[in-house]
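Subject: Structure handover

Hello,

Here is the structure I said I would pass on.

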Amino acid sequence: MWERVFNTPFVFLSLTQQEEQMTIQTIGHALEVWSENLHQERRYNRRHKSLLKNLNSHFGSFNVSKITHDDIKNYIKKREVKEQTVDKELSVLKGAISFCHKAELIDNPPNIRFNRAKPKYRERFFSKEEVRTILNTKVCNSNPKFKLLLKIAITTCARKSAIRTLRTSQINFDANLIDFNHHTMHIKSKPRAIIPIPSSIKDELKKACDESKNGFVVYFHEHTLDSLWEKAFDQANVNGDPKKETAVFHTLRHTGAVEMAKSGKVSMKEISSYLGHSSILITEKVYAKYLPSFMRESVNVMNGLLGESA
């Protein structure tokens with residue numbers, strides 16, 4: 001059993017049992033139920049532990065139905081941290097309450113409002129040469145399962161948690177599809193895609209599924225995976241240039257999306273579906289600028305003012 005984040009005794013129950021046997025009273029209890037679900041979905045990580053600790057220390061004893069906007073403002077004032085940090089914490093608080101409400105464990109959820117920090121989109125993506133260098137690092141060559149995980153990340157643009165917890169049952173070789181959704185995901189914070197199996201990794205995926213002993217394709221504990229990709233990036237020296245934005249695991253997903261856009265062969269709608277975005281507007285906001293045709297006609301018109309053309 002994993003280490004408890006909270007001191008409040010709590011016996012894990014399935015969501016169905018929870019619905020039948022209890023009603024959430026405190027914020028601390030709501031946070032614990034939400035974190036238990038993350039554990040069940042194998043999505044809990046060290047960042048969650050820190051976020052939950054801060055929230056529970058302040059809101060733990062609050063009545064979940066009576067939290068006010070003033071309580072939120074007081075928390076923001078007390079934290080004295082970057083806007084993005086407190087935004088993440090309050091998003092977790094809101095998400096935990098929403099999760100419990102949808103599971104019918106809270107009757108009257110509060111309307112939590114706060115001024116969200118403006119999203120900061122990462123711009124860094126890998127070149128093809130950097131991708132090859134990463135896959136040829138010592139840590140990749142000595143750990144084929146980890147190397148396959150990176151290949152899945154690069155070719156499917158799936159998020160780390162979706163790949164790490166990908167089950168063999170989610171790959172349908174007859175239909176040639178990977179469904180990154182799973183029935184254990186009662187309430188997802190972010191949507192996941194259903195995509196064709198990339199031919200470049202199909203044989204390796206089939207072998208991994210056939211050899212799986214635990215039902216997962218390439219499962220790693222969160223901390224183990226973080227350590228491995230950090231070693232791979234270090235050995236490939238992808239973060240050696242201080243002038244470049246630091247590459248993280250999510251950079252692999254961003255790289256795939258940028259490559260699709262730069263090719264000029266994939267529409268924004270298809271890129272959006274491939275990434276599992278809930279709206280094409282999200283995709284356009286981040287990736288439209290990489291299209292070869294991006295604002296080409298606009299530039300031609302403006303060049304016409306000087307008697308020139310692009």
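The notes below go from the whole chain to single residues.

This is a predicted model, in which local features need pLDDT of at least 70 and side-chain atom pairs count only at pLDDT 80 or more, while totals for chains, interfaces and linings use all residues. Residues are numbered from 1 along each chain as its sequence is written, and side-chain values use heavy atoms, with hydrogens and water left out.

The chain as a whole

The secondary structure of the protein chain comes to 15 helices and three strands. Helices (H or I, at least four residues) and strands (E, at least two) are DSSP runs, numbered from the N terminus. Of the 310 residues in the protein chain, 44% are buried. Here buried means under 20% relative accessible area, exposed means over 50%, and partly exposed is in between, with a 1.4 Å probe and protein chains only. The protein chain exposes about 17600 Å², and carbon and sulfur atoms supply 50% of that area. Accessible areas come from the Shrake-Rupley method with a 1.4 Å probe; for residues, only the protein chains shown count as cover.

Contact means heavy atoms within 4.5 Å. Among the contacts in the protein chain with a separation of 6 or more, 64% are between residues 24 or more positions apart.

Nonpolar cores

In soluble globular proteins, nonpolar side chains tend to be buried together. A nonpolar core, as used here, is a set of buried Ala, Val, Leu, Ile, Met, Phe, Trp, Tyr and Cys residues joined through side-chain atoms within 4.5 Å. The largest nonpolar core has 53 residues, and Phe146, Leu150 and Phe233 have the most contacts inside it. Leaving aside neighbours within four places in sequence, Phe233 is in contact with Phe126, Ile134, Val238, Ala247, Val248, Phe249 and Leu252. There is also a second, separate core of 29 residues, which includes Ile24, Tyr44, Leu52 and Ala96.

Helices H3 and H5

Helix H3 (residues 46-59) packs against helix H5 (residues 83-102) at an angle of about 75 degrees, and their axes are 10 Å apart. The axes are lines fitted to C-alpha atoms, for helices over the stretch in contact, and angles run from 0 to 180 degrees between N-to-C directions. H3 and H5 are therefore roughly perpendicular to each other, a term that covers 65 to 115 degrees; angles under 35 degrees count as roughly parallel, over 145 as roughly antiparallel and the rest as oblique. On the H3 side the contact is made by Leu51, Leu52, Asn54, Leu55 and Phe59, and on the H5 side by Lys88, Glu89, Leu90, Val92 and Leu93. The residues of this contact of H3 with H5 divide into seven nonpolar, one polar and two charged. For that division, Ala, Val, Leu, Ile, Met, Phe, Trp, Tyr, Cys and Pro count as nonpolar, Asp, Glu, Lys and Arg as charged, and the others, Gly among them, as polar.

His48 also lies in helix H3. At 16% relative accessibility, His48 counts as buried. Not counting residues up to four places away in sequence, His48 touches Trp34, Leu38 and Arg43.

Asn237 lies in the loop between helix H11 (222-236) and helix H12 (250-263). Asn237 has a phi near 55 degrees, a positive value in a residue other than glycine, and is exposed, with a relative accessible area of 54%. In helix H12 itself lies Thr251, which is buried at a relative accessible area of 2%. Thr251 touches Arg124, Phe125 and Phe126, with residues up to four places away in sequence not counted.

Glu284 lies in helix H14 and counts as partly exposed at 35% relative accessibility. The C-alpha atoms of Glu284 and Ile271, 13 residues apart along the chain, are separated by 9.3 Å.

The loop between H14 and H15 holds Ala288, which is buried, with a relative accessible area of 15%. Ala288 touches Met268, Thr283 and Phe294, again not counting residues up to four places away in sequence. Between the C-alpha atoms of Ala288 and Met268, 20 residues apart along the chain, the separation is 7.3 Å. Met295 is found in the loop between helix H14 (280-287) and helix H15 (296-303), and its phi is near 55 degrees, a positive value in a residue other than glycine.

Regards
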